[in-house]
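This report describes a predicted model. It covers the salt bridges and then the nonpolar core.

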Amino acid sequence: MARASTRARVHAAVLSLAAESGFGGLTMEGIAARAGAGKQTLYRTWSSPAAVLLDALLEQSLDAAGEVAVPDTGDLRADLETLVRGMIAELADPATDRLLRAVTAELQTDPAIGAEVLDRLLGPQLRAIADRLARAAVACPEDGAELLLGPVFHRWLLRTRPFTEDWPSAHVARVLRAVSSGG
């Protein structure tokens with residue numbers, strides 16, 4: 001595991017290189033050179049440029065404690081809407097959209113990347129949402145968490161329709177109706 005200062009330099013390097021040349025232009029040599037680190041240092045922590053990029057992107061999705069945070073103000077509808085709006089903002093950010101799509105494509109063919117996304121982001125995110133739903137006494141909170149996230153990722157990944165200003169509110173309302181009706 002790379003030291004925190006090395007990790008920060010490597011994350012900054014991979015994000016800047018990816019922004020300049022896209023995912024396809026990333027190499028361990030280029031990342032190491034930009035970060036001022038040895039290539040062996042990178043390989044001791046990450047298996048590939050995709051793994052480095054994923055680690056840097058995941059780091060941006062965590063709170064100060066290194067966890068996936070779900071708001072809990074006591075207003076379930078508002079908390080879920082805040083979460084969905086934040087996800088949409090992150091996914092649609094022009095600075096990271098292309099990179100997130102590249103990593104999403106990579107996880108389809110690289111089981112290690114897929115496992116890391118599930119282990120470090122999607123699993124904790126689903127559990128945190130399910131925990132928030134359970135605290136609100138929602139039946140089948142795990143299903144509710146998937147109902148909340150699935151359409152966001154579907155709409156973003158497949159570009160089926162744009163995210164309008166009112167979509168997050170309407171989506172959360174649909175999810176809450178479904179989970180409250182036992183649907």
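## Salt bridges

A search of the whole predicted structure finds 11 salt bridges. One of them joins Arg135 and Asp72, whose closest N and O atoms are 2.9 Å apart. This pair connects distant parts of the chain: Arg135 belongs to helix α7 and Asp72 to the loop between α4 and α5, 63 residues apart. Arg135 is exposed, with a relative accessible area of 52%, while Asp72 is partly exposed at 42%.

Arg7, Asp55, Glu116 and Arg120 are linked in a network of salt bridges.

## Two partners of Arg85

Arg85 is partly exposed, its relative accessible area being 27%. Its side chain meets that of Glu81 in a salt bridge with an N to O distance of 3.0 Å. Both residues lie in helix α5, 4 residues apart, about one turn of the helix.

Arg85 also forms a salt bridge with Glu165, with the closest N and O atoms 3.3 Å apart. Here the link is between distant parts of the chain, as Glu165 sits in the loop between α8 and α9 and Arg85 in helix α5, 80 residues apart. Glu165 counts as exposed, at 64% relative accessibility.

## The nonpolar core

The largest nonpolar core has 54 residues, and those with the most contacts inside it include Val14, Ile31, Trp46 and Leu148. Among the elements that give two or more residues to this core are α1 (4-21), α2 (28-35), α7 (111-135) and α8 (141-158). Domain 1 (1-66) and domain 2 (67-183) each supply at least three residues to the core.

Leaving aside residues up to four places away in sequence, Ile31 touches Val10, Ala13, Val14, Leu17, Leu42, Pro49 and Val52.

Conventions
Residues are numbered from 1 along each chain as its sequence is written. This is a predicted model: local features need pLDDT of at least 70, side-chain atom pairs count only at pLDDT 80 or more; totals for chains, interfaces and linings use all residues. Side-chain values use heavy atoms; hydrogens and water are left out. A nonpolar core is a set of buried Ala, Val, Leu, Ile, Met, Phe, Trp, Tyr and Cys residues joined through side-chain atoms within 4.5 Å. Buried means under 20% relative accessible area, exposed over 50%, partly exposed in between (1.4 Å probe, protein chains only). Domain bounds come from an automatic or database domain assignment. Contact means heavy atoms within 4.5 Å. A salt bridge is a side-chain nitrogen of Lys or Arg within 4 Å of a carboxyl oxygen of Asp or Glu.
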